[in-house]
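Please look over the sequence and the model shown below before reading on. The numbered points after it are meant to be followed with the structure open beside them.

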Amino acid sequence: EHMAKAGAGSDVAMGGAYYAVSKPPAFNFNRFIENTWIYDGRNADAGTEGFVEHMAKRHHYKLNIHRLNSLRDNEFRAALFSRNIHCIMFPPLTHFPGLSELAKKDLRGYVSSGNNAVFIGSYEWLSIINDAFGFQLMSDYKEGPFYRNDRNVRGTPFQWSMSRIQQPDGSIYAAKVDSLPLTGKCMFDTMGACVVFYVKYNLGTVAYIGFAYDTPYGIEHWDQILHAAMMM
C-alpha cells in the first residue's frame with residue numbers, strides 16, 4: 001500500500017503519522033532497532049532516564065532495553081562486547097561520571113566497529129565525548145525553534161523528521177556548529193547552535209541530542225528525534 005509523500009510544507013504532526021511518508025527501500029522505519037543499552041547508573045538522572053526509556057519505546061513497544069548500571073572497566077567492557085546490541089544510550093547526568101582510560105578505549109572500540117553511541121542532554125556528555133573521541137566540541141545556547149539542515153540529513157533517518165522542531169519546555173544543551181569535527185554533521189540548529197548532530201567515527205556513529213527530556217510538556221517531535229538518533 002503506497003502512502004502519499006508528505007509535501008515539504010505540510011507538518012505531519014499526528015502521533016505516528018510521520019511513518020507514513022513514502023521512503024526509499026534502503027531506509028525503512030519499520031526496521032527499528034530491536035535492542036539498546038541504556039546507562040542508568042548512579043550518575044544518571046533517574047527521573048529523566050525513565051522518561052528517555054518511555055520516549056524510546058513510544059510507537060516501538062517491542063524495543064528491548066538493557067540497563068547498564070556501571071561505567072567501571074569490567075562491567076562496561078562486558079556489556080559493550082557481550083551481546084549483539086548495536087546502540088548504547090547515555091541519558092542526562094546529575095554529576096560527572098568517572099570514565100577510565102580503558103573504558104574510553106572500549107567505547108571507541110565499540111563505536112569504531114560499527115555501533116552507535118547516543119548521548120543526551122548535558123554539557124558533561126559533550127566534555128566526555130571530547131575526552132573519549134578526541135573531538136573539540138564547544139557548548140552553546142540559543143533559543144529555538146531549531147531548523148533541519150536538509151543537505152546534512154539526506155540519507156539518514158533524520159531526513160524523515162520535521163523541518164523544524166520547537167524549543168521544548170525543558171533544558172537544551174547545544175554545541176557550536178563550528179566546533180564539530182570534519183566527519184560531523186549538524187541535523188538541527190539555530191544561528192550556529194546545534195542541538196542534534198552526529199559524527200562518523202570509523203564504521204560507527206557518535207550521536208548527540210541537546211534536549212534533556214526533563215519534561216513531558218511541549219516536546220512535540222522530540223521522540224522522533226530520539227528514534228532517528230538510535231537508528232544511526
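1. His-227 is placed in helix 6, which covers residues 222-230; helices (H or I, at least four residues) and strands (E, at least two) are DSSP runs, numbered from the N terminus. Please keep in mind that this is a predicted model, in which local features need pLDDT of at least 70 and side-chain atom pairs count only at pLDDT 80 or more, while totals for chains, interfaces and linings use all residues. Residues are numbered from 1 along each chain as its sequence is written, and side-chain values use heavy atoms, with hydrogens and water left out.

2. Is His-227 buried or exposed? His-227 counts as buried because its relative accessibility is 0%, where buried means under 20% relative accessible area, exposed over 50% and partly exposed in between (1.4 Å probe, protein chains only). The side chain of His-227 also reaches the backbone oxygen of Ala-56, at 3.2 Å.

3. The aromatic pairs come to 11, counted when ring centres of Phe, Tyr and Trp (its six-membered ring) lie within 6.5 Å, with planes under 30 degrees apart called stacked, over 60 edge-to-face and the rest tilted. The rings of Phe-90 and Phe-119 are stacked, because their centres are 4.7 Å apart and their planes stand at 10 degrees. Phe-90 belongs to strand 3 (residues 87-90) and Phe-119 to strand 4 (residues 116-120), so this pair ties together parts that are 29 residues apart in sequence; both Phe-90 and Phe-119 are buried.

4. Another aromatic pair, Phe-146 with Trp-222, is edge-to-face, at 6.4 Å centre to centre and with 75 degrees between the planes. The pair links distant parts of the chain, since Phe-146 is in strand 6 (residues 146-148) and Trp-222 in helix 6, 76 residues apart. Ring pairs join Phe-146, Phe-211, Tyr-213 and Trp-222 into a cluster.

5. The count of salt bridges is 9, a salt bridge being a side-chain nitrogen of Lys or Arg within 4 Å of a carboxyl oxygen of Asp or Glu. In one of them, Asp-223 meets Arg-58, with the closest N and O atoms 3.6 Å apart. Asp-223 lies in helix 6 and Arg-58 in the loop between helix 1 (46-57) and strand 2 (64-68), so the pair ties together parts that are 165 residues apart in sequence. Asp-223 is buried, with a relative accessible area of 3%, whereas Arg-58 counts as partly exposed at 35%.

Terms used: Polar contact = N/O pair within 3.5 Å; in protein donor to acceptor, adjacent residues only side chain to side chain.
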